[in-house]
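Hi,

Here is the structure I promised to pass on. Have a look at it first, then read my notes below.

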Amino acid sequence: MSDLDQLYQAVIVDHDRSPRNAGTLADATHHATVDNPLCGDVVTMQLRIEDGVVRAVAFEGRGCALSRAAASILTTMVVGRDLAAIKTLGAAFETFVRGVDGPAPADLGELAAFAGVRRFPSRRACALLAPKALDVAIGHLVTLDTCT
Amino acid sequence: MPSDPAAWRRDFPALDVRVHGHRLAYLDSASTSLKPTAVIEAVVRVFTHAAGNVHRGVHALSEAATEAFDHARATIAAFIGGAIDEVVLTHGTTEAINLVAHSWGRAHVGAGDAVIVSALEHHSNLVPWQVLCADRGATLRIAPVDDRGRIELAGLTALLDGRVKLVAVSHLSNVVGTIAPIAELARLAHAVGAVLLVDGAQAIAHLPIDVAALGCDFYAFSGHKLFAPTGTGVLWGRRELLAAMPPWQTGGEMVGSVHHDAARYREPPHRFEAGTPDIAGVIGLGAAIGWLANLDRTAIEAHEARLHRRLRDTLAAIEGVRIVGDPEAAVVAFTVDHAHPHDVATIVDREGVAIRSGHHCAEPLHRRFGIAASARASLALYNTDEDIDALAAALSRVRQVLR
């Protein structure tokens, strides 16, 4: 597989074209919008968190295939998890994306499709925008707009 | 006098680099131009034969550096039709504009006054005026841009009144590639007593610049888009304006006599050049202009105009590609249906084609056109038909990859 095919794996293209949990959440308890000022990409994450566990999630993303796919995949992985588990997931994904080589840890699920981004250092920030939004959102009960 | 693009290309060693196994098609000169051997050698020569500081020592190395540095300033002045003492050396266009905003702006823009910029400006010709206006209690007025990407003269005229102290516009847009009618804008600004600052960052490498004929009051540009090293820039200002302006940054080089409680400032341009300058960079800029002067400028303009038409026509013929505005020179920004500009740029890069993606530091302009980002191909004299064909072929890969 070429570098490009590695980068734009079917999983990523599919989530970009048909994002899961896209939209807004009427009863969100947590919310964050994070943008990348260098490229103008924006991801908004909304969560309903009850008793420390995520019950519902939605995202809105304006940006490249990588940033939208990362957001979409993440939303499929967080419902039912507690905040500590989400932080662990985000950290594991960041470590993976910033790494050089090697297989993805099993608990990354579909996020393993981002293996190819390790060969495109200038695109790492695209993959990490959504986890950043998720991280900011779970840390804040109120609406918060921030720049990366 | 070489008038053959193949001969011009041979002067650029960076063009020989293989990118991902492909011939390099460098279509990002609007970000920064490549550097000819003449410039690279001039910079090396500073460190091997003229390694002293300028305007400070009496020893041989300092004298050699000073002579080359002063010669570069004279070369720059002649290139734009200005006087030597009207050429302030900065670290780039951004610093040149900030210099005017801080020095001229704080002296002339007060509460209730206004500054006008156009809706197509690069952030570096927008944010300094936002900050100045906020600081002085002045108003920033935005001159509208039409669907072709041109500044609407009627709209701008409607914003002009006695409260406007300065109008700041880009000569050649870094996104939509439109050329502003500077001489006419100068007349309009002067009619209400305002001064005109021109951001020439893009124009300097593509349009003949004669500041006297343009009639503007300040002209700012960067060396690195004119085949010179990064870290150099120029603020040309009308002599009487510069002479009345207070210093911006202070320190060595810009002062006459200094006492513990006060200092006298030197005359322009030195008043605005505190500290040791980018000596090698400035000498490199002089070398770039000297190199350019040896080429057939008419042939360059004809070559670039033909390439620009071809670039436009090629992109317009590709299904799903939409050109932003109606570009006149040097750059063509575009979007590709169902593909984000970053993905487009990454995919064509793997075919050896270098283009820019994002908002190109002109976010409000993209908003004006209802898009968040665009891809941008930009030209320089070393580009050829082959580069444009490579872009077209690489763009056909986009749909395959994002299947």
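**What I found**

Let's start with one strand pair: strand β5 (residues 114–118) of chain B runs parallel to β6(B), and the two are joined over five bridges. Strands here are DSSP runs of E with at least two residues, helices are runs of H or I with at least four, and both are numbered from the N terminus. Two strands count as paired if DSSP finds at least two bridges between them. In this pair, B:Ala114 has B:Thr139 of β6(B) as its bridge partner.

Before going on, a word on the model: it is predicted, so local features need pLDDT of at least 70 and side-chain atom pairs count only at pLDDT 80 or more, while totals for chains, interfaces and linings use all residues. Residues are numbered from 1 along each chain as its sequence is written, and chains are lettered from A and ligands numbered from 1 in the order in which they are written.

Where does that pair sit? Both strands belong to an open sheet of seven strands in chain B, in the order β4-β10-β9-β8-β7-β5-β6, with mixed pairing. Its edge strands, β4 (87–90) and β6 (139–143) of chain B, each pair on one side only.

Now find helix α4 (residues 93–108) of chain B. α4(B) lies across β4, β7 (164–170), β8 (195–199), β9 (218–222) and β10 (233–237) of chain B, at about 35° to β10(B). That angle is between N-to-C directions, on a scale from 0 to 180 degrees, with axes fitted to C-alpha atoms (for helices, over the stretch in contact).

Is α4(B) buried or exposed? 12 of its 16 residues are buried, so α4(B) is largely enclosed by the rest of the structure. Buried means 20 or more other C-beta atoms within 10 Å of a residue's own; exposed means 12 or fewer, partly exposed is in between, and C-beta atoms are placed from the backbone. Among the buried ones are B:Trp104 and B:Gly105. Their cover includes β4, α5 (127–136) and α9 (239–243) of chain B.

Zooming out, chain B has 14 helices and 17 strands, and buried residues make up 52% of its 403 residues.

Finally, the two chains meet: 15 residues of chain A are in contact with 14 residues of chain B, contact being C-beta atoms, placed from the backbone, within 7 Å. Helix α1 (residues 3–7) of chain A gives the largest share of chain A's side, three residues.

Cheers
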